[in-house]
Protein chains: 2
Amino acid sequence: MITLAVDCMGGDHGPRVTLEACEKFLATHADAQLLLVGKSEVLAPWVSRPRVTVIEASEVVAMDDPIEIALRKKKDSSMRVAIQQVKDGKADVAVSAGNTGALMAIARYLLKTIEGIDRPAIASQMPQEKGGATTVLDLGANVDCQPEHLLQFAVMGAALVSALQPGGPEPSVGLLNIGEEAIKGNETIKRTAELLRSAGQAGALNFYGNVEGNDIYKGTVDIVVCDGFVGNVALKASEGVAGMIVGGLKHEFKRNIFTKMAAIVAYPVLKALMARMDHRRYNGAALLGLRGLVFKSHGSADARAYEHALNRAYDAARNQLLDKVRGRIVAAAPLLAAATTTASAAEALL
Amino acid sequence: MITLAVDCMGGDHGPRVTLEACEKFLATHADAQLLLVGKSEVLAPWVSRPRVTVIEASEVVAMDDPIEIALRKKKDSSMRVAIQQVKDGKADVAVSAGNTGALMAIARYLLKTIEGIDRPAIASQMPQEKGGATTVLDLGANVDCQPEHLLQFAVMGAALVSALQPGGPEPSVGLLNIGEEAIKGNETIKRTAELLRSAGQAGALNFYGNVEGNDIYKGTVDIVVCDGFVGNVALKASEGVAGMIVGGLKHEFKRNIFTKMAAIVAYPVLKALMARMDHRRYNGAALLGLRGLVFKSHGSADARAYEHALNRAYDAARNQLLDKVRGRIVAAAPLLAAATTTASAAEALL
């Protein structure tokens, strides 16, 4: 039995979306149970449901709460109580659609990082034109990364992909850069490429080399590693373009009676395309590097998207993502330690 | 009369594309003349054309030539000879579709930077969903920017937009970040935001505040400032998404006889959309901060896209972009100097 702790209050839409998704999730996962965390008045109808335990939490972290407020003042928030279930061993994984900064801070405070990992990272999937998905990390948890952090992200990303696609080939890792040539990029990226190359030669990683922004969607590699600032900008710019094109399509098809008729004819085709590229299918980012599993849903997720986040969290728990990350970190420990030592030595010299 | 020096050999397709675009450009710009730079055998048919002067250059910078080769070994390249025309006062602006790194290095070497500018930047336009365009810089010339460089980019970007849209309101500037709140971002970005805010208060800039990746396409501001690494990733990720969606549309419409019929009906609508979003309309990036005007076309540009780059270069020259950049730099000189001094002091303290 896999147990998910769900922060029912988090996200732009709160329980309306999260509980609808939980309903569907339970119907499709017979070997799962849910710890529903939130205000008692909202969760009252769920109290005597099979495979459901209601856990009361009196506070809610707002989407715009500063991290300090979420962490220090709201100690009985649904977000925090959900993560506490993972810490106490009562849940295999926690899921929340709340404020990313607060979620990362609380998860890090309660669960702590795995030995060998300095900073947790946020990993999510983006669609590939050939139909698969590229796992990208970090997407915003770390805005000032050193090469050793990016090496840690690469190792954790490989663990995530292996856990979600068990039995597949060793996933390939690309370093996000502004050109494929080894001489491109800033100093941090050049030093990272050296570290990743060494890790590849030592057999700890399947390192492909540098990739560019468009390679995320081409599907050149399984995993793209970048610092959180760059990853977040790439993600949001991508969402912006996709939104602009979809908005443009709607606008053009609504222009007059002829284009509206064309829309009716083209509708099944457009619907098939939208289904293939539907960002909701990619909802559910993993917070990697913690001593416990936490998944983050997009704040604006609807019930279908939130259900995908629950599914991903369930898959990760069932496939023992945590043990896989730990195992890879242990295997790569000498490399990670060497990278950190070299970095400290380099800093000491400056 | 506006004079453009054209590197006819540069780009993936060379003279086939550049000369076709030159033909159309001449037909639509009666007050322009062209200095066509390239191999004599290619340019022979153009020798006695009105408003055309052929300038022989015996070498060509290849798309994959290292910068050192382009700069030190190929002193008679079409790229270099074209820029030399600007330096010698024989042309108002140079245009090339060649290797970006080589173009920037040669332009910087021959023309030098304007006083007050440490590093030139590459500025280009990206489409907005409401129909206008956002000017983004830097797109890849500088991969390790300090706050004072980003302030310089902001001032130059404002000059570019003012020159290309004369008489419009003072263009607004956004700082690319991973959230709108002032507390977001890495250290460089936080310090940059302070500098831009001071510049705004001093009346040297219309500073909007932080923007996110999707704001480029929303059209939240006229100008988005970022370092070249981030800008390049955002640009290429955007191209990747757009390519994936367009490819997906084609794929879905080709699926069977019914979808092919739907495509015929929907074709005018899709064509209108593509025309609105056509990246060729946005071809032509300005190299800003040099003592002369240079425009860069996408290497893969077709004749229509290259013609847009020629048009943009012509508009910039006619609207005295160079004087406008200089004027703004002079006006902002105390701010720029203070930023640099503060930065040096901060570095000295470390």
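Student: Which residue, with a positive phi, follows α4(A)?

Tutor: This is a predicted model, in which local features need pLDDT of at least 70, side-chain atom pairs count only at pLDDT 80 or more, and totals for chains, interfaces and linings use all residues. Residues are numbered from 1 along each chain as its sequence is written, chains are lettered from A and ligands numbered from 1 in the order in which they are written, and side-chain values use heavy atoms, leaving out hydrogens and water. Helices (H or I, at least four residues) and strands (E, at least two) are DSSP runs numbered from the N terminus. After α4(A) comes a residue with phi near 75 degrees, namely G89(A).

Student: Why is helix α4 of chain A described as largely enclosed by the rest of the structure?

Tutor: Buried means under 20% relative accessible area, exposed over 50%, and partly exposed in between (1.4 Å probe, protein chains only). Among the buried residues of α4(A) are M79(A), V81(A) and I83(A), as well as R80(A). The helix spans residues 78-87 and is largely enclosed because its buried residues number eight of the 10.

Student: How far apart are the C-alpha atoms of V294(B) and A82(B)?

Tutor: V294(B) lies in strand β11 (residues 293-296) of chain B and is buried, at a relative accessible area of 1%. Beyond four places in sequence, its contacts (heavy atoms within 4.5 Å) include V93(B), L103(B) and L287(B). Although V294(B) and A82(B) are 212 residues apart along the chain, their C-alpha separation is 9.4 Å.

Student: How much area do chain B and chain A bury between them?

Tutor: The size of an interface is often given as the accessible area lost when the parts come together. Buried area is that loss, with a 1.4 Å probe, summed over both parts. The contact takes 46 residues from chain B and 46 residues from chain A. Carbon and sulfur atoms carry 79% of the buried area, which amounts to about 4,200 Å².

Student: Which residue of chain B forms a salt bridge with K236(A)?

Tutor: A salt bridge places a side-chain nitrogen of Lys or Arg within 4 Å of a carboxyl oxygen of Asp or Glu. Two are found across the interface of chain B and chain A. In the one involving K236(A), the closest N and O atoms are 2.2 Å apart, and the partner is E212(B).

Student: Which helix gives the most residues to the side of chain B that touches chain A?

Tutor: In chain B, α7 (187-201), α9 (228-253) and α10 (257-277) each supply at least two residues of that side. The most, 19 residues, come from α9(B).

Conventions: Buried area = accessible area lost by both parts, 1.4 Å probe.
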